[in-house]
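Q: I'd like a close look at one part of this model, please. Could you walk me through how its elements are arranged?

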Amino acid sequence: MRNELLQKEIDKATAVLPEPVVRYIQDCSKKKNPNSHLISVLHKVQDHFGFLAKEHMDAVSILMQIPSAKVTGVASFYHFFNFTPRGKHRVSLCMGTACFVKGAGKVLDKLQDLLGIKVGETSADGLFSIDVARCVGACALAPVMIVDEKVYAGVKPDQLVKILGEYGYNPKKAKP
Amino acid sequence: MTIEKKVTLWIDGVKVTVPEKTTILQAADSININVPSLCYHPDLSVIGACRVCVVEVDGQRNPVASCSYPVAEGMKVKTSSPLLRRLRRDVVELILDNHPQDCQACVRNGTCELQKLAYDLGVRERLFEGERKRFPVDTSSPVHRNPEKCILCGRCVRVCDEVQGVHNLSVQHRGFNNVVAPAHDCKMIDSVCIHCGQCVNVCPTAAFTEQDATESVFEALSNPDLHVVVHTAPAIRATIGEGFGFRPGTPVTGKLVTALRMAGFHKVFDTNFGADLTIIEESTEFLSRVQKKERLPLITSCSPGWVNFMERFYPELIPLTSTCKSPMSMLSTLLKTYYAQQMGVDPEKIFVVAVMPCTAKKFEAKRPEHMAPWGKPYTDAVLTTRELVWMLKCLGVDFHNLEDGAFDSPLGVSSGAADIFGATGGVMEAALRTAYEKITGKELESLEFETVRGVEGVKETSIQIDGLTINIGVANGLQNAKNLLDRVASGEKQYHIIEIMACPGGCVAGGGQPYPPRGMHVLDPELGRLRAKALYSIDGSKSLRKSHENPAIELLYENFLGAPNSHLCHELLHTHYEPKTPRGVK
């Protein structure tokens, strides 16, 4: 009786998460302080899905046997974790000191305006999401914007439409 | 054996010797020096979050938090100085800056620890002002959550984790958005919350409160079409006096009855009657299982917090849990069936109010299993002890000077076995008194089963009944229950019967009980002991002390129910359970 009900929950949770993550959790459970691996497990889940959904966190809670309030408490504490699906293209704007002084703030304002979203959110058409980086170590190129893997240097607000256009930006769809 | 090392230090010039690893605050407490504190709770772990309890230590550059700072040999501590007074006041002022300024309209007005602290520390004007956090109030369940009043002391999180093992609450998000909430910031009703109300008890402010039922009761009392009856749980008579300034442990049964009559209830019955009935039904169920050697151990089902916990955390125990409804639900059901029939009253016109020490009873009353066939609950409203205290104050009842009244017949007649239901081990003792005599057919020589009495978290004993050894487990506080049940699951222990009460100490320390008077605190074992003593003294003073000898119960079976566990009994007095989601992680 006992195992049956719990096993059902575990099977359900196992189906939600990718197999390598499940295996990683199983490995962690054999280590000394299994709960201390929660953050690295969440990292792996986010790596795979691009974000943490409710069912992902609940699955982690069940497989690691950590109460779900603790899982969401940890996940919501760190800026690194996000809870909405990421866009197809991830626009990352550097807000380090140099970039900020060279006008990254204005670029961000314009970017948010063009896509109709705030930092951490995803545009309505699912194409773009905005992240803010602290310093990408390319201060000579300030302000720096990275879309997926491509780096754009010396970005000015009025260049944004053109840059986003390379990735299929359509104002009507992004901001209906 | 290791010898406990002692440390001698001076606090405010007073020499004190305490075991090492004692904190400064505990050492000060031991010589009656009261250091103001807020997040600290003597029965929970220490987090040192609020910094109200700062003290000066000679040789330390900055004041330290006395709740977490361990004593050291020769230490010289100052608990009061102009600097400390200013620091403490500033801390409280900063908390107040982020707190609604509505003390007059707050349910904790007069019992709020923050309010008291602000007064004690001399906050007389507001020096800081700024943006205040804004959160919606969660009124989805019997336990209301108002994060705007939360000061992030974390006591609720700790009681939920450490005492109840439910782990429903955690601090979510960070910085200004910090909030104590269930997983995913979901509503309490959608969480693994079991509605035990211990968070309400330990909360220093009104961030956690019970759902208010007083309005609906006042409304019913002024509705001339309704026949309004009330019944009060065993634990209420031992605690309600505290709400009116009586010392903890003062039984006030008679005054309580008179007060309820004055409040306008048409009939005042006793949940004790339901408790006696529970014992008859449960002991019959138990004996039949023992004889058939099946579905053992039997686990009691009177505590609604435990039932909620069981359905979410231990659904595999559903077959073992007694199918008996709780005394409250049994009596409420009878009021709208048996009593209605006897009185010739339309059951739909009867409004049943139950006074309970418990917030989970509010949830129980609304469970679909406890609905009458016409779609309304058998128990229309559940008041906590605190709510009833307030109602009586609102009505201007002079509780101190009331004459003693007596419960109405026949659903107010009860044995002493029912009174002790309110204390941990009480249900077990009551059941043993009846089971023993049912099995042996002989009269019990001594009615007191001392081994199941007392406020310890887990009690175990074995008794011999006619050559039969009955192994007994009693647990209060769900973390203790977990420990006991896990030992059963591992096969380490084998019991025949287990009593579980969700709240530490049993119903006398339930989530709806009065906030303790000055000098005592929630979870204080001494408080539990005093309150339980009141119940045992009532039991001891009664001549009727065994449920099966209650003449009103005998009459009920004869005239209405037939035999114990009869078909009608099952229909009216028994219930069923279901696994619930989200499932809790143990």
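In particular, which pattern does chain A follow when read along the sequence?

A: Happy to take you through it. This is a predicted model, so local features need pLDDT of at least 70, side-chain atom pairs count only at pLDDT 80 or more, and totals for chains, interfaces and linings use all residues. Residues are numbered from 1 along each chain as its sequence is written, while chains are lettered from A and ligands numbered from 1 in the order in which they are written.

Along the sequence, chain A reads α-α-α-α-α-β-α-β-β-β-α-α. That comes to 8 helices and 4 strands, where helices (H or I, at least four residues) and strands (E, at least two) are DSSP runs numbered from the N terminus. Chain A is more spread out than a compact globule, because its radius of gyration is 20 Å, well over the 16 Å that the globule rule gives for 176 residues. Here the radius is taken over C-alpha atoms, and the rule is 2.2 Å times the number of residues to the power 0.38. The C-alpha atoms of chain A fill a box of roughly 65 × 35 × 25 Å along the principal axes.

As for burial, 30% of the 176 residues of chain A count as buried (20 or more other C-beta atoms within 10 Å of the residue's own, with C-beta atoms placed from the backbone). Among the contacts in chain A with a separation of 6 or more, 63% come from residues 24 or more positions apart; a contact means that the two C-beta atoms, placed from the backbone, lie within 7 Å.

How values were computed
A residue is buried if 20 or more other C-beta atoms lie within 10 Å of its own, exposed if 12 or fewer, and partly exposed in between; C-beta atoms are placed from the backbone.
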